[in-house]
Amino acid sequence: MLAPLLSISLVACHQDEIVETEITCGQEPHTHAVDLGLSVKWACCNIGANSPEDYGNYYAWGELETKESCEWANYKWHDNGTGGMTKYNDEDGMKELTAEDDVAQVKLGEGWRMPTQAEMQELKDRCKWEWVTVNGVPGYKVSGNGNSIFLPAAGSQYVKQITSQETQGCYLSSTLYSEDYGLAVCLGFTQKHRYMINSERCDAHTIRPVKK
Ligand SMILES: [Zn+2]
C-alpha cells in the first residue's frame, strides 16, 4: 500500500512546480506571426512589447493611445452628457472595431489586427495551456501545431492603477459583448482558469494581435 501513496504525493508535488520556459519565435526584431494551427496566426508579443514576456501597453477598447488614467470621463467614445456611446452603439449597430479604431492595424499594419471574440475562443479551446515563467514572468505557454506563444499575466489598468500583474491576464478582443454596447469581450486567465469575460470599454488591457 505504501508505494501507490508515495507516487501520488510525487505527482501532486510536480504539479505545483512552475516551469521556467524559453520562447523562441525567430530573430529580432519581433513581431513574428506564430502558426498554432488555428484560423489566424498569433503575434509573439503584445502591442508595445519588445519581447514575448514584456507586458507592453494597456489600451481601452477602440482607443489608439495609452493614458495615465482610464475611466468613462475621458473615454474616447463616451458621451459625458448622455452617458451613452458616440460610436459602436445601438444607433449604428456596430459590434466589431473598424480598421481605423483597431490599434493593432494602426500601429503595426502589415495585416495585423486585434483578434475577434471567435478567434480568442478558438485560442482558448483548441490549444494546450501551461502556466510557466519566461525570464521570471508568469503567464501561459499556449501551444498548437508544434509551435507556442507566451501570454504574460500582465494584469489590467483601471483608472490610474495597473492591477493583478503576475497573477491575471486579460486580453482585449475587437468584439463588443452581444447584449451590451458598454462591454468589450476579453480572454482572461489566472493560474487556475481561462475564461471569456466582459470588461467595461473604458478599462485598459493588453492586446495580442493576429493576422491571416
Ligand atoms: Zn517574436
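Cys-44 is buried, at a relative accessible area of 2% (buried means under 20%, exposed over 50% and partly exposed in between, with a 1.4 Å probe and protein chains only). This is a predicted model, so local features need pLDDT of at least 70 and side-chain atom pairs count only at pLDDT 80 or more, while totals for chains, interfaces and linings use all residues. Residues are numbered from 1 along each chain as its sequence is written, and side-chain values use heavy atoms, with hydrogens and water left out.

Cys-44 also takes part in a metal site. Its SG coordinates the zinc ion along with Cys-25 (SG), His-30 (ND1) and His-32 (ND1), at 2.1 to 2.2 Å; donors here are N, O and S atoms within 2.8 Å of the metal (3.2 Å for Na, K and Ca), and sites may look incomplete because water is not among the atoms. The four donor atoms subtend angles of 102 to 120° around the zinc ion, so the arrangement is tetrahedral (four donors, all angles between 85 and 135 degrees). Along the chain, the donors follow the spacing C-x4-H-x1-H-x11-C. His-30 sits in the loop between strands E1 (19-20) and E2 (33-34), and Cys-44 in the loop between E3 (41-43) and E4 (59-60), so this pair ties together parts 14 residues apart in sequence. Strands (E, at least two residues) are DSSP runs numbered from the N terminus, as are helices (H or I, at least four).

Turning to the aromatics, a search of the whole structure finds nine pairs, where rings of Phe, Tyr and Trp (its six-membered ring) pair if their centres lie within 6.5 Å; planes under 30 degrees apart count as stacked, over 60 as edge-to-face and the rest as tilted. Ring pairs link Trp-129, Trp-131, Tyr-140, Tyr-171 and Phe-189 into a cluster.

Strands E6 (residues 137-144) and E7 run antiparallel and are joined by six bridges (strands pair if DSSP finds at least two bridges between them). E7 (residues 147-152) is mostly covered, with five of its six residues buried.

Technical notes. Tetrahedral: all angles 85-135°; square planar, octahedral: opposite > 155°, others 65-115°.
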